[in-house]
Number of protein chains: 2
Amino acid sequence: MDKRFEISLMLDLYSELLTDKQKDIMDLYFNDDLSLAEISEINNTSRQATYDIINRCQKLLLQYDSKLKLLDKQILVSGVKKEVQDKLAILKQKICSEDELDIINSIIEDIKQI
Amino acid sequence: MDKRFEISLMLDLYSELLTDKQKDIMDLYFNDDLSLAEISEINNTSRQATYDIINRCQKLLLQYDSKLKLLDKQILVSGVKKEVQDKLAILKQKICSEDELDIINSIIEDIKQI
């Protein structure tokens with residue numbers, strides 16, 4: 001997985017463990033794709049200071065994920081969810097009874113919540 | 001939910017964010033159900049020191065969960081999983097075609113991974 005993309009996924013998972021300031025800077029850099037210079041201007045600080053915060057936060061996110069492994073779990077769950085949704089779609093095409101279709105539709109709705 | 005049970009569930013989710021020593025003490029107290037006196041004896045420390053560690057770790061776990069909300073997510077996913085498993089069991093009884101049964105059994109296996 002592309003490192004930048006991986007960090008942005010970890011940001012979704014762990015950003016609440018960062019301070020508001022760290023969160024804002026990481027968000028501008030990884031989600032809004034702003035440059036270090038642009039972020040430094042917004043925050044009225046040096047390019048080096050912005051770089052240091054981003055660098056430190058990346059390390060923090062990687063540390064949290066090495067311990068909690070939420071990214072791996074999320075990837076596993078997404079894969080299983082997709083697999084189940086595909087199989088339910090196939091099943092739906094095979095089944096004619098209204099009663100059984102209702103159950104399948106209700107499972108499809110349940111799966112969306114995960 | 002009973003507070004002690006809640007903390008023990010949070011321990012499953014966040015114990016990797018504690019130090020080894022903190023983890024051991026929390027495990028002895030919440031999972032092995034040892035008393036403060038027994039844990040203090042094992043660790044050759046005072047009852048007060050053990051109490052302080054447990055108290056501090058409880059606060060840490062609650063703090064982590066107030067930010068990451070993994071316990072709520074786990075409870076939601078478990079509920080959905082149970083719901084889906086029950087519906088698949090009902091569907092299995094209604095269906096006769098070997099082909100459709102295979103798909104349902106394969107979904108049942110997928111769901112176990114979540």
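This is a predicted model: local features need pLDDT of at least 70, side-chain atom pairs count only at pLDDT 80 or more; totals for chains, interfaces and linings use all residues.
Read from the N terminus, its elements follow the order α-α-α-α-α-α. The radius of gyration of chain A is 21 Å, well over the 13 Å that the globule rule gives for 114 residues, and the chain is therefore more spread out than a compact globule. Along the principal axes, the C-alpha atoms of chain A occupy a box of roughly 65 × 30 × 25 Å. Of the 114 residues in chain A, 39% are buried. Among the contacts of chain A with a separation of 6 or more, 53% join residues 24 or more positions apart.

Two loop residues of chain A were examined individually. A:Ser15 lies in the loop between α1 and α2 (20-31) of chain A. With a relative accessible area of 13%, A:Ser15 is buried, since the cut-off for that class is under 20%. Leaving out residues up to four places away in sequence, A:Ser15 touches A:Met10 and A:Lys23. A:Asp33 belongs to the loop between α2 and α3 (36-42) of chain A. In contrast to the buried A:Ser15, A:Asp33 counts as exposed, at 55% relative accessibility. The backbone of A:Asp33 has a phi near 60°, a positive value in a residue other than glycine.

In chain B, B:Asp33 is located in the loop between α2 and α3. Its phi is also positive, at about 60°, although B:Asp33 is not a glycine. The relative accessibility of B:Asp33 is 56%, and the residue therefore counts as exposed.

Helix α3 of chain B, which spans residues 36-43, has three buried residues, B:Leu36, B:Ile39 and B:Ser40. These residues cover an arc of only 100° around the axis, and so they lie on the same side of α3(B). An α-helix has 3.6 residues a turn, so residues three or four places apart point the same way. The buried residues of α3(B) pack against α2 (20-31) and α4 of chain B. On the other side of α3(B), B:Glu41 and B:Ile42 are exposed. Just after the helix, B:Asn44 adopts a positive phi of about 55°.

Two further residues of chain B illustrate contacts made from within helices. B:Met10 is placed in helix α1 of chain B and is buried, with a relative accessible area of 2%. Apart from its neighbours within four places in sequence, B:Met10 is in contact with B:Ser15, B:Leu61, B:Leu62, B:Asp65 and B:Leu71. The C-alpha atoms of B:Met10 and B:Gln63 are separated by 10 Å, with the two residues 53 positions apart along the chain. B:Lys92, in helix α5 of chain B, is partly exposed, with a relative accessible area of 34%. Not counting residues up to four places away in sequence, B:Lys92 touches B:Leu101, B:Ile104, B:Asn105 and B:Ile108. B:Lys92 and B:Ile103 are 11 residues apart along the chain, and their C-alpha atoms are separated by 10.0 Å.

Pocket analysis was carried out on the protein atoms alone. Rolling a probe the size of a water molecule over the atoms shows where empty space is left. The largest pocket has a volume of about 730 Å³ and is lined by 26 residues. Those that lie nearest its centre are A:Leu70, A:Lys73, B:Leu70, B:Lys73 and B:Val77. At least two lining residues are supplied by each of α1 (3-14) and α5 (70-94) of chain A, and likewise by each of α1 (3-14), α4 (47-68) and α5 (70-94) of chain B. By class, the lining of the largest pocket consists of 13 nonpolar, 7 polar and 6 charged residues.

Conventions
Residues are numbered from 1 along each chain as its sequence is written. Chains are lettered from A and ligands numbered from 1 in the order in which they are written. Side-chain values use heavy atoms; hydrogens and water are left out. On a 1 Å grid over the protein atoms alone, a cavity is a set of points where a 1.4 Å probe fits but cannot get out, and a pocket is an open set with protein on both sides within 12 Å along at least five of seven lines; lining residues have an atom within 4 Å of a point. Grid points are joined across faces, edges and corners, and a volume is the space filled by probe spheres set on the points. Helices (H or I, at least four residues) and strands (E, at least two) are DSSP runs, numbered from the N terminus. Ala, Val, Leu, Ile, Met, Phe, Trp, Tyr, Cys and Pro count as nonpolar, Asp, Glu, Lys and Arg as charged, and the others, Gly among them, as polar. Buried means under 20% relative accessible area, exposed over 50%, partly exposed in between (1.4 Å probe, protein chains only). The arc is that of the directions from the helix axis to the C-beta atoms. Contact means heavy atoms within 4.5 Å. The radius of gyration is taken over C-alpha atoms; the globule rule is 2.2 Å times the number of residues to the power 0.38.
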